[in-house]
Amino acid sequence: SKLWLIVPAAGIGQRMRAECPKQYLRINNRFILDITLSRLLDTGRFTGCMVPLNASDHWWPESDANNDNRIQTCSGGAERADSVLSALHALKEQVAADDWVLVHDAARPCVHPADLANLVSTLAEHPVGGLLAAPVADTLKRADSGGLPEVAETVDRNQLWRALTPQMFRYSMLVSALETALQESQPVTDESSAMEFSGNMPVLVEGRPDNIKITVPADLDLAGFILSRF
Ligand code: CTP
Ligand code: MG
């Protein structure tokens, strides 16, 4: 089946505390959003790409992506899941029910083409799909609810993974999973959460831990360094 790409870019980047949404900050003089999009689209794997944008976005016209005929845009929503659902609806006339949709955060420019290739080949015959993820490296503590939090317990990290993107699911399964989860006010911070709520358990495909989501100012230098290495 065909592969479609959705790159949610409708956030405002509150935690970055910058003058503009973080996807429009520059690394090596390019918008983060442009770096992310070209790293994925230049693999030549995608039939089409939809980018949900914030209603008050006035930076997009300055992007390289704006002049790229492989890319379509639509309006995003209040939360990331709303933006993704809006992009899925915008693709409706172009996709088949069992086509694959890969959702990848605009704020993850360090995604490696080899991880994309591995995700797609690992899941090709799977009925549900899955996501890139990285095993947790640190020892994890659960805190009690005191003013100065104390350790309540150490959590076994053996079976814990950090969820990354891309996340890859079948078009119609993902649409119904997201619609149901949002209707039922479930916390939906990624596509996998919605699929899990529908009872369809995604596969964890190990990806590089340096596929970071740029969130706070220090992540900009880190991403610049990671990108300089490949
Ligand atoms: N996103 C989106 N629509 C939203 C919220 C987020 O498309 N309503 C996108 C962001 O643009 C980003 C990705 O989802 O590419 C991951 O979200 P996050 O890292 O949380 O970005 P922001 O919400 O912009 O940042 P913050 O939470 O710090 O405000
Ligand atoms: Mg956010």
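## A first look at this predicted model

In β4, the bridge partner of tryptophan 4 is glycine 48, and that pairing is a handy place to start. Helices (H or I, at least four residues) and strands (E, at least two) are DSSP runs, numbered from the N terminus. This is a predicted model, in which local features need pLDDT of at least 70 and side-chain atom pairs count only at pLDDT 80 or more, while totals for chains, interfaces and linings use all residues. Residues are numbered from 1 along each chain as its sequence is written, and chains are lettered from A and ligands numbered from 1 in the order in which they are written.

**Strands and their pairing**

- Strands β1 (3-6) and β4 (48-53) run parallel and are joined by three bridges; two strands count as paired if DSSP finds at least two bridges between them.
- On to β5 (71-75): five bridges link β4 and β5, again in the parallel sense.
- Within that pairing, methionine 50 has glutamine 72 of β5 as its bridge partner.
- Five of the six residues of β4 are buried, leaving this strand mostly covered; buried means that 20 or more other C-beta atoms, placed from the backbone, lie within 10 Å of a residue's own, while exposed means 12 or fewer and partly exposed is in between.
- Strand β9 (residues 151-155) lies largely in the open, because the number of buried residues among its five is zero.
- The partner of β9 is β8 (residues 140-143), and the two pair in the antiparallel sense over four bridges.
- Arginine 142 stands opposite glutamate 153 in β9.

**Two helices**

- Helix α2 (residues 80-91) has twelve residues and spans 17 Å from its first C-alpha to its last, close to the 16 Å expected at 1.5 Å a residue; the expected span is 1.5 Å times one less than the number of residues.
- Its buried residues are Ala81, Ser83, Val84, Leu85, Ala87, Leu88 and Leu91.
- These residues pack against several elements, including β1, β4, β5 and β6 (100-103).
- Helix α4 (171-183) has 13 residues and reaches 18 Å from first C-alpha to last, close to the 18 Å expected at 1.5 Å a residue.
- In α4, Tyr171, Leu174, Val175, Ala177, Leu178 and Ala181 are buried, and their cover includes α2, β6, β10 (161-170) and α5.

**The nonpolar core**

- In soluble globular proteins, nonpolar side chains tend to be buried together.
- Here the largest nonpolar core has 56 residues, and those with the most contacts inside it are Ile6, Ile32, Leu88, Val101 and Leu178; such a core is a set of buried Ala, Val, Leu, Ile, Met, Phe, Trp, Tyr and Cys residues joined through C-beta atoms within 7 Å.
- Isoleucine 6, leaving aside neighbours within four places in sequence, is in contact with Met50, Val84, Ala87, Leu88, Val101 and Val103; contact means that the C-beta atoms of two residues, placed from the backbone, lie within 7 Å.

**Around ligand 1**

- The shell of ligand 1 has 22 residues, of which Pro8, Gly11, Gln14, Arg15 and Ser83 come nearest; a residue is near the molecule if its C-beta atom, placed from the backbone, lies within 6 Å of it.
- By class, this shell has nine nonpolar, eight polar and five charged residues; Ala, Val, Leu, Ile, Met, Phe, Trp, Tyr, Cys and Pro count as nonpolar, Asp, Glu, Lys and Arg as charged, and the others, Gly among them, as polar.

**Individual residues to look for**

- Alanine 10 is found in the loop between β1 and β2 and counts as buried because 27 other C-beta atoms lie within 10 Å.
- Leaving aside neighbours within four places in sequence, the contacts of alanine 10 are Pro52, Leu53, Asn54, Gly76, Gly77 and Ser83.
- Alanine 117 sits in helix α3 (residues 113-123) and is exposed, with 12 other C-beta atoms within 10 Å.
- The C-alpha atoms of alanine 117 and arginine 45 are 9.1 Å apart, although 72 residues separate them along the chain.

**Backbone details**

- Asparagine 29, in the loop between β2 (26-27) and β3 (30-31), has a positive phi of about 65° although it is not a glycine.
- With 5 C-beta neighbours inside 10 Å, asparagine 29 counts as exposed.
- Serine 185, in the loop between α4 and α5, has a positive phi near 55° and is exposed, with 7 other C-beta atoms within 10 Å.
- A cis peptide bond joins threonine 165 and proline 166, with omega at about 10°, and proline 166 belongs to strand β10.
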